[in-house]
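This report describes selected features of a predicted protein model, arranged by region. The sequence and the structure are shown first.

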Amino acid sequence: MNAQDQLSELERLATDLEVDVSYEPMGGLVQGVGGLCRVRGRYRIIIDRRLKPPERLQVVADALRRFDTEQHFVSPQVRRLLA
């Protein structure tokens, strides 16, 4: 399974967990790769849109590690990323 497929699976998992994922330009005063935050009571993962799929994958996996995913189907390859 390639990085883009794994990323797509993590994005579906985020949707199941009611976590919004968005890709935004991060420049100027706001620089970085992105991460998890809360906006108006909802969790949101904001990712720098310039990142390549493997880097995006890492940001989403890092954010979703904070959630209980045991009740959701996740492939073994992606489950290892969340461990």
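Glu9 is part of helix H1, where helices (H or I, at least four residues) and strands (E, at least two) are DSSP runs numbered from the N terminus. With a relative accessible area of 10%, Glu9 is buried; buried means under 20% relative accessible area, exposed over 50%, and partly exposed in between (1.4 Å probe, protein chains only). Apart from residues up to four places away in sequence, Glu9 touches Met1, Val74, Ser75 and Val78, contact being defined as heavy atoms within 4.5 Å. Between Glu9 and Gly35, which are 26 residues apart along the chain, the C-alpha separation is 17 Å.

## Basis of the model

The model is predicted: local features need pLDDT of at least 70, side-chain atom pairs count only at pLDDT 80 or more, and totals for chains, interfaces and linings use all residues. Residues are numbered from 1 along each chain as its sequence is written, and side-chain values use heavy atoms, with hydrogens and water left out.

## Packing of H1 against H2

Helix H1 spans residues 3-16 and helix H2 residues 53-64; their axes come within 9 Å and cross at roughly 30°. Axes are lines fitted to C-alpha atoms, for helices over the stretch in contact, and angles run from 0 to 180 degrees between N-to-C directions. The crossing angle therefore makes H1 roughly parallel to H2, since angles under 35 degrees count as roughly parallel, over 145 as roughly antiparallel, 65 to 115 as roughly perpendicular and the rest as oblique. The crossing of H1 and H2 is left-handed, a term used if the near helix is turned anticlockwise from the far one by less than a right angle, with right-handed used if clockwise.

On the H1 side, the contact involves Ala3, Gln4, Gln6, Leu7, Leu10, Leu13 and Ala14, which meet Pro53, Pro54, Arg56, Leu57, Val60, Ala61 and Leu64 in H2. Eleven of the residues in the contact of H1 with H2 are nonpolar, two are polar and one is charged. In this division, Ala, Val, Leu, Ile, Met, Phe, Trp, Tyr, Cys and Pro count as nonpolar, Asp, Glu, Lys and Arg as charged, and the others, Gly among them, as polar. In the segment before H1 lies Asn2, which is partly exposed at 43% relative accessibility. Asn2 and Pro53 are 51 residues apart along the chain, and their C-alpha atoms are separated by 9.3 Å.

Leu17 belongs to the loop between H1 and S1 and is buried at 18% relative accessibility. Not counting residues up to four places away in sequence, Leu17 touches Leu64, Phe67, Asp68, Thr69 and His72.

Thr69 is located in the loop between H2 and helix H3 (76-82). At 7% relative accessibility, Thr69 is also buried. Beyond its neighbours within four places in sequence, Thr69 is in contact with Leu13, Leu17, Leu64, Arg79 and Leu82.

Ser22 lies in strand S1 (residues 20-24) and is buried, with a relative accessible area of 13%. Its contacts, leaving aside neighbours within four places in sequence, are Arg44, Ile45, Ile46 and Ile47.

Rings of Phe, Tyr and Trp (its six-membered ring) pair if their centres lie within 6.5 Å; planes under 30 degrees apart count as stacked, over 60 as edge-to-face and the rest as tilted. By this rule there is one aromatic pair. The ring centres of Tyr43 and Phe67 are 5.1 Å apart and their planes stand at 90°, so the pair is edge-to-face. The pair links distant parts of the chain, 24 residues apart: Tyr43 is in strand S3 (residues 42-48) and Phe67 in the loop between H2 and H3. Tyr43 is partly exposed at 31% relative accessibility, whereas Phe67 is buried, with a relative accessible area of 19%.

## Residues with positive phi

Most residues other than glycine have a negative phi. Glu18, although not a glycine, has a positive phi of about 60°. This residue lies in the loop between H1 and S1 and is exposed at 55% relative accessibility.

Arg40 likewise has a positive phi, near 50°, and is a residue other than glycine. Arg40 is found in the loop between strand S2 (34-39) and S3, and at 84% relative accessibility it counts as exposed.
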